[in-house]
Protein chains: 2
Amino acid sequence: MRAEFHTQLAELREQLAEMCDLAVAALRSAGKAVLQGDVELARQVLAADAELDRARDRCEESAQQLLALQAPVARDLRLVLTALYCANKLERMGDLAAHVADTARLAYPDRLVPAELEGEFAELGRIAADMAQRLAGFIRDPERCCFAELEETDRAVDALHADLMRTITADHWAHGVATATSLALLGRYYERFADQTVSAARRLDFAVTGEIPAA
Amino acid sequence: MRAEFHTQLAELREQLAEMCDLAVAALRSAGKAVLQGDVELARQVLAADAELDRARDRCEESAQQLLALQAPVARDLRLVLTALYCANKLERMGDLAAHVADTARLAYPDRLVPAELEGEFAELGRIAADMAQRLAGFIRDPERCCFAELEETDRAVDALHADLMRTITADHWAHGVATATSLALLGRYYERFADQTVSAARRLDFAVTGEIPAA
């Protein structure tokens, strides 16, 4: 019974890690679509989001079966509940990547990001996607969970995001109000994406140690 | 055992409903703080958010105990997992209300919302808070779940939000870029708050019927 539980839990963990891989790929493509004004790539990201939704549903079914058939307790129960929590965070990360892609689609045939901000948005997208990639590693091997490491990176994301907001709202901003508001929302999608990876990592840490790390 | 389960489930449901009441109160106060430039009220909302975080933790502990001690299956299991899902949505609703309050705090001593948009923001806040209030009713009595009703109201929120975005980004916008970006984010907080109520109601519907309603 316990061996079977651990086999099923390992399968559930792999399902989650694959969701995380999809979210990483979606955010990288969405960022490229935004910076290069690639509407075809944006449409692909938008279409692919349904796959993450289905993957979340499958994770939830797997977790529910595990709970119903194996009635885990203590650490095992925490691991299954953490998987459920993470599945919803990962699905949300997919939504946010889709929002980034939709920003590219709505701006087309124009490019939204002014040349002088391309570097900062590229950096924001790269850091957020890298955080999710590290999260996938921790999902596959929860003993190596790096919540503290992701939280520190998230502070860099917040600083970059705050810097972008200052630039966008400065008196000498030359690209108009519509661009500014779209860029403010775009920045927020990245910042929220990064936040979700931290929340998921905090839970993984909790599942392993039994203690929720301080925020 | 089953009677005990249902007593504990009813307690968990009441904990959730109280979380929802807190989120409603937080959003109403935050909206008032923003429209009236009331920084003291904004600070109260920001301080009160920690209470919702603690309430979420308590709900999670209750749900985990229920799972560990009672090992529910089928509909009972769905009800407990739904409670866990809703606890996290309600905590997020509290965060969004806090973001609204923080918008008022950051604008102080100015008022952020221009006179001609006060009516629309008041309406957006009122509808979103009313949706959460209806959600509290459904949490208390899940047989009466009104997912379809909330989803329809959410379409009105989306339309109002889209209308606001058009106004803010119009060529003849007279209030500057910084105000426009803050208002775009403010609109998004309300829209996301309303979305969370729909997601929670969808899950309650699922818990009762065993089928996830179409999005």
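Q: How many of the 34 residues of H3(B) are buried?
A: Burial is read by counting neighbours: a residue is buried if 20 or more other C-beta atoms, placed from the backbone, lie within 10 Å of its own, exposed if 12 or fewer do, and partly exposed in between. By that count 27 of the 34 residues of H3(B) are buried, so this helix is mostly covered. Keep in mind that this is a predicted model, in which local features need pLDDT of at least 70, side-chain atom pairs count only at pLDDT 80 or more, and totals for chains, interfaces and linings use all residues. Residues are numbered from 1 along each chain as its sequence is written, while chains are lettered from A and ligands numbered from 1 in the order in which they are written.

Q: How many helices and strands are there in chain A?
A: Helices (H or I, at least four residues) and strands (E, at least two) are DSSP runs, numbered from the N terminus. Chain A has six helices and zero strands, giving the pattern α-α-α-α-α-α along the sequence. Of its 215 residues, 49% count as buried.

Q: What span is expected for a helix such as H1(B), and what does it reach?
A: The expected span is 1.5 Å times one less than the number of residues. H1(B), residues 2–36, reaches 51 Å from its first C-alpha to its last, close to the 51 Å expected for its 35 residues. For H3(B), with 34 residues, the reach is 50 Å, close to the 50 Å expected.

Q: Which backbone angles deserve a second look?
A: Most residues other than glycine have a negative phi, and most peptide bonds are trans. A:Ala71 is not a glycine, yet its phi is positive, about 40 degrees; this residue sits in the loop between H2 and H3 of chain A. A:Ala71 is partly exposed, with 18 other C-beta atoms within 10 Å. B:Ala71 also has a positive phi of about 40 degrees. As for peptide bonds, the one from A:Tyr108 to A:Pro109 is cis, with omega near 10 degrees, and A:Pro109 lies in the loop between H3 and H4 of chain A. In chain B, a cis peptide bond joins B:Tyr108 and B:Pro109, with omega about 10 degrees.

Q: Which residues have the most contacts inside the largest nonpolar core?
A: In soluble globular proteins, nonpolar side chains tend to be buried together. A nonpolar core here is a set of buried Ala, Val, Leu, Ile, Met, Phe, Trp, Tyr and Cys residues joined through C-beta atoms within 7 Å. The largest one has 144 residues, and those with the most contacts inside it are A:Ala23, A:Leu27, A:Ala97, B:Ala23, B:Leu27 and B:Ala97. Leaving aside neighbours within four places in sequence, the contacts of B:Ala23 (C-beta atoms, placed from the backbone, within 7 Å) include B:Leu90, B:Met93 and B:Ala97.

Q: How many residues does each chain bring to the contact between A and B?
A: Chain B and chain A each bring 18 residues. On the side of chain B that touches chain A, H2, H3 and H6 each supply at least two residues, and H6(B) gives the most, with seven.

Q: What rotation relates the two chains?
A: Copies are superposed by least squares on the C-alpha atoms of residues with pLDDT of at least 70 in both. A rotation of 180 degrees with 0.0 Å of shift along its axis places chain B on chain A, with an RMSD of 0.0 Å. That is the relation of a two-fold axis. The same surface serves both copies, as 100% of the contact residues of chain B recur in chain A.

How values were computed. Two residues are in contact if their C-beta atoms, placed from the backbone, lie within 7 Å.
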